[in-house]
Amino acid sequence: MDWGVKNRLARIFKPDTGKTVMLAVDHGYFLGPTSGLEVPSKTIKPLLPYANSLMLTRGVLRTSVPADFDIPIVLRVSGGTSILSKDLSNEGITTSIREAIRLNVCAIALSIFVGSEHERESLLNLAELINQAEEFGIPVLTVTAVGREMTRDAKYLSLCCRIAAEMGAHFVKTYYCEDFEKVVETCPVPVVIAGGKKIPEKNALQLAHNAISHGAAGVDMGRNIFQSDNPVGMIQAVKAIVHKRISVEEAYKMYEGSKKT
Ligand code: 5RP
């Protein structure tokens, strides 16, 4: 693997554990001012010291993240639809590779829509993005979007992750599911999980614990951190699960305990 790709990946995946806690704050690219992310700078600022990486769009990066804060950026470069669109799978590439380099990012991210109407376009967008990114040593994260009519099971998610890896993605983001180890085993690149919709804090910690126990290389969590009543406590607890392999009980105590300080 190219030195630049390895170096950028080593900034996202901490070399001492090989794992990462990415904070996903890219939701506005199709959801607009999502609950908890209405003013991105306010949400992001207190969490910055704890995240191993930040996933977001260029607009939020430029307006809401201080340029002198040292954090690896994973830039979302796909979009073109909104929550009002009839078909969310109709995404294109929104940000050029030159812009990603100008913004000094560590990776770029694009969603694929396997089994959806625009499956082919999204896979060819991925191929094109990887071809461009390879020239400059920029890793590509593929996000396996799941259409409303799809089932989040190991069979479907393995299909999505494997296709992304075959196309040349350097890491993949998907959902945790039953038999998750099958998804990881059949995907030759690291798999990180999205948190999904907000659930009770203990359940979100359990989700992170299950994912790491079954082979995930980390989490790329958004709503279950920034929509929590204690976002800083939540990210610290998730981080301790991912990097220190503490139990869910210990992590929950950590989250509760930090409310008092
Ligand atoms: C949407 C994304 C989001 O970053 C991700 O799903 C958000 O994380 P969470 O589900 O934990 O809020 O990639 O396609």
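This is a predicted model: local features need pLDDT of at least 70, side-chain atom pairs count only at pLDDT 80 or more; totals for chains, interfaces and linings use all residues.
Local features are given only where pLDDT is at least 70 and side-chain atom pairs only at pLDDT 80 or more, while totals for chains, interfaces and linings use all residues. Residues are numbered from 1 along each chain as its sequence is written, and side-chain values use heavy atoms, without hydrogens and water.

Eight strands form a closed barrel with parallel pairing, in the order β1-β2-β3-β6-β7-β8-β9-β10. Helices (H or I, at least four residues) and strands (E, at least two) are DSSP runs numbered from the N terminus, and two strands pair if DSSP finds at least two bridges between them. On average, neighbouring strands of this sheet are turned by 25° against each other, direction ignored. Strand β1 (residues 20–24) runs parallel to β2 (residues 53–56), and three bridges join them. Leucine 23 has leucine 54 in β2 as its bridge partner. Helix α9 (residues 201–213) packs on the sheet, in contact with β9 (191–194) and β10 (218–221); contact means heavy atoms within 4.5 Å. The direction of α9 makes about 145° with that of β10, where axes are lines fitted to C-alpha atoms, for helices over the stretch in contact, and angles run from 0 to 180 degrees between N-to-C directions.

Glutamate 91 sits in the loop between β4 (78–79) and β5 (92–93). Glutamate 91 is buried but has no salt bridge, and the nearest side chain of opposite charge, arginine 76, is 4.1 Å away. Buried means under 20% relative accessible area, exposed over 50%, and partly exposed in between (1.4 Å probe, protein chains only). A salt bridge requires a side-chain nitrogen of Lys or Arg within 4 Å of a carboxyl oxygen of Asp or Glu; for charge, Lys and Arg count as positive, Asp and Glu as negative, and His and the chain ends are not counted. Residues that glutamate 91 touches include Tyr29, Phe113 and Asn125.

The structure holds 12 salt bridges. One of them pairs arginine 58 with glutamate 99 at 3.1 Å, N to O. Arginine 58 lies in helix α4 (residues 58–64) and glutamate 99 in helix α5 (residues 97–102), so this pair ties together parts 41 residues apart in sequence. Arginine 62 also forms a salt bridge with glutamate 99, with the closest N and O atoms 2.8 Å apart. Glutamate 99 is buried at 5% relative accessible area, whereas arginine 62 is exposed at 55%.

Terms used: Lists of a residue's contacts leave out its neighbours within four places in sequence.
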